Structures are given as C-alpha cells and as structure tokens.
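Trainee: I would like to go through this structure with you. Could we begin with one of the helices?

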Amino acid sequence: ERKAKRGICCTHGCSNKPKPGKMYCVACVTKGVVQTAARRKARVAKGLCCQCGTKPCRSGNTRCQECHTAMRAGITRLNNRRNEAGFCSSCGDHVMETGYKHCRPCIDRRRATQTGLKSKVLDGYGGPVCNGCGETEVAVLQMDHINGDGREHSAKIGKDGDIKSGRSRMYRWLIANNFPPGFRVLCSNCNIRAARGIPFPNESSSQS
C-alpha cells in the first residue's frame, strides 16, 4: 500500500513506476506472464489443471471444473466492474465505444483478427468463392455444414454448450483441425438455399 501511494511498482524489490492506474510495472508484468505460462504448461503436460495443479483437467480443457467455474465467475465480475465504470471490458484502459462494451481499439483489433481467421479458412476450402453461385465478395461468404448439423456442432464446441460462442469459435476450430471435410464455402443467399432445399444458381444453370 505504501509503494502504491508513492506510485512505485508493488513487486518486492522493484522501484520502477507502473502505468497510470496500474500496480505493477511493465517489466514485472512481463516476467510474471512468462513464469506463469511455463508453470501452467508443465502442469497441463502432466494432465493436471493449469490453475490449481492438483486436480485433473476437464476433457478438452486445461482447467478442472472447479477452477473453470471460478475463472468464469471472476471474469464476469471484472467485466461488470469495468462496464459500470464506463471502461472497456476487454482491456479496462479505454472508455467504451457508444453502443458497445468495448473500446474502439479493442473492437478494431478483434475485427482484424476475425478477418484474418476467415481469410485463412476460406483459402483452406478452395478460396473465397461461393460453391453455389460463384460470389467472391468476402463479406457475404460463410462456412456451411454440408450435413446441416451446424447448430449441433456450434453447441459442441461452444462454451458450456453455448451456440453463439460456438459460432464465434468456428474459424479457430476449423484451423486447429486442419480444415476437415464436411464444410464448404457459401454466400449468405446460398446458405439459405441449402437450408431450405432450394437448388443453387450453379445447379440450375447446369441443368438448363
């Protein structure tokens, strides 16, 4: 508390000045992140929870159920405190953008990341071209589950069975699984056609 009042890093033996509103300097934070990552990696390699290091990991996860639940609750509390104060729930450093829970830098960064993932997935499935009509506008292209089980698959890979989070994870899942079969590139219109059993424009023209 004394060091914090003096504006000095709260790590024992450190006298650097942290960023405004922070308790630790950049060097100590970076060192702590590296040490924590190494410790968690060693625990996971043994099949133990990366958080507590005493209980087995959940299937497909790096934490045990107890630590996973506590982590989610902690993140929710932190996000709520930040939003109530008017700050971005992601970084906590900038004011929220109007109509969002995140600041403009975080919004732009997320969109850029998602765009990069989408581009990589489209290339993995033959490039940014709709299989139904030949549309090449990337903004309207989507990944379609050929067997029509997109809802079930999203629930399976989502957080605690959540379909919305599963859809947001889809690109990462496809990349992590080396672009498995059963998927194709469709535009939004052809995706609706597939769901309703309406022939694609390419199929109609080939029949005529």
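This is a predicted model: local features need pLDDT of at least 70, side-chain atom pairs count only at pLDDT 80 or more; totals for chains, interfaces and linings use all residues.

Trainee: How are they placed around the axis of α5?

Mentor: Their arc around the axis is only 100 degrees, so they sit on the same side of α5.

Trainee: Why would residues spaced like that point the same way?

Mentor: An α-helix has 3.6 residues a turn, so residues three or four places apart point the same way.

Trainee: And which residues are exposed on the other side of α5?

Mentor: Arg151, Glu152 and Lys156 are exposed there.

Trainee: What covers the buried residues of α5?

Mentor: The cover includes β1, α6 (163-168), α7 and β2.

Trainee: Let us take β1, then. Is it mostly covered or mostly open?

Mentor: Strand β1, residues 141-145, is mostly covered, with four of its five residues buried.

Trainee: In which sense does β1 pair with β2, and over how many bridges?

Mentor: The pairing of β1 with β2 (residues 183-187) is antiparallel and runs over five bridges. Within it, histidine 145 stands opposite phenylalanine 183 of β2.

Trainee: Is histidine 145 buried or exposed?

Mentor: Histidine 145, which lies in strand β1, has a relative accessible area of 12%, and therefore it is buried. The cut-off for buried is under 20%.

Trainee: What does histidine 145 touch?

Mentor: Leaving aside residues up to four places away in sequence, histidine 145 touches Gly150, His153, Met170, Gly182 and Phe183. Two of these, Gly150 and His153, are among the buried residues of α5.

Trainee: Moving to aromatics: how many aromatic pairs are there?

Mentor: The count comes to three aromatic pairs. In one of them, tryptophan 173 and phenylalanine 183 have ring centres 6.1 Å apart and planes at 55 degrees, so the pair is tilted. The two residues belong to distant parts of the chain, ten residues apart: tryptophan 173 is in helix α7 (residues 170-176) and phenylalanine 183 is in strand β2.

Trainee: How accessible are those two, tryptophan 173 and phenylalanine 183?

Mentor: Tryptophan 173 counts as partly exposed because its relative accessibility is 26%. Phenylalanine 183, at 11%, counts as buried.

Trainee: Which residues do the ring pairs link into a cluster?

Mentor: The cluster consists of Tyr125, Trp173, Phe179 and Phe183.

Trainee: What about the nonpolar core? Which members of the largest one touch the most others?

Mentor: The largest nonpolar core has 18 residues, and Val121, Tyr125, Met143 and Leu174 touch the most other members. At least two residues of this core come from each of α4, β1, α7 and β2.

Trainee: What does valine 121 touch?

Mentor: Not counting residues up to four places away in sequence, valine 121 touches Met143, Tyr171, Leu174, Ile175 and Phe179.

Trainee: Now the charged side. How many salt bridges does the structure hold?

Mentor: There are five salt bridges. One of them joins lysine 55 to glutamate 66, at 2.2 Å from N to O. That pair connects distant parts of the chain, eleven residues apart, with lysine 55 in the loop between α2 (26-45) and α3 (65-84) and glutamate 66 in helix α3.

Trainee: How exposed are lysine 55 and glutamate 66?

Mentor: Lysine 55 is partly exposed, with a relative accessible area of 35%, whereas glutamate 66 is exposed, at 51%.

Trainee: Which salt bridge does aspartate 144 form?

Mentor: Aspartate 144 forms one with arginine 184, and their closest N and O atoms are 2.8 Å apart. Here strand β1 contributes aspartate 144 and strand β2 contributes arginine 184, 40 residues apart. Aspartate 144 counts as buried because its relative accessibility is 7%, while arginine 184 counts as partly exposed, at 22%.

Trainee: Which residues do salt bridges with shared partners join into one network?

Mentor: They are Glu97, Arg104 and Asp108.

Trainee: Where do arginine 104 and aspartate 108 lie?

Mentor: Both are in helix α4 (residues 104-124), four residues apart, which is about one turn of the helix.

Notes
Residues are numbered from 1 along each chain as its sequence is written. Side-chain values use heavy atoms; hydrogens and water are left out. Buried means under 20% relative accessible area, exposed over 50%, partly exposed in between (1.4 Å probe, protein chains only). Two strands pair if DSSP finds at least two bridges between them. Rings of Phe, Tyr and Trp (its six-membered ring) pair if their centres lie within 6.5 Å; planes under 30 degrees apart count as stacked, over 60 as edge-to-face and the rest as tilted. A salt bridge is a side-chain nitrogen of Lys or Arg within 4 Å of a carboxyl oxygen of Asp or Glu. A nonpolar core is a set of buried Ala, Val, Leu, Ile, Met, Phe, Trp, Tyr and Cys residues joined through side-chain atoms within 4.5 Å. Contact means heavy atoms within 4.5 Å. The arc is that of the directions from the helix axis to the C-beta atoms.
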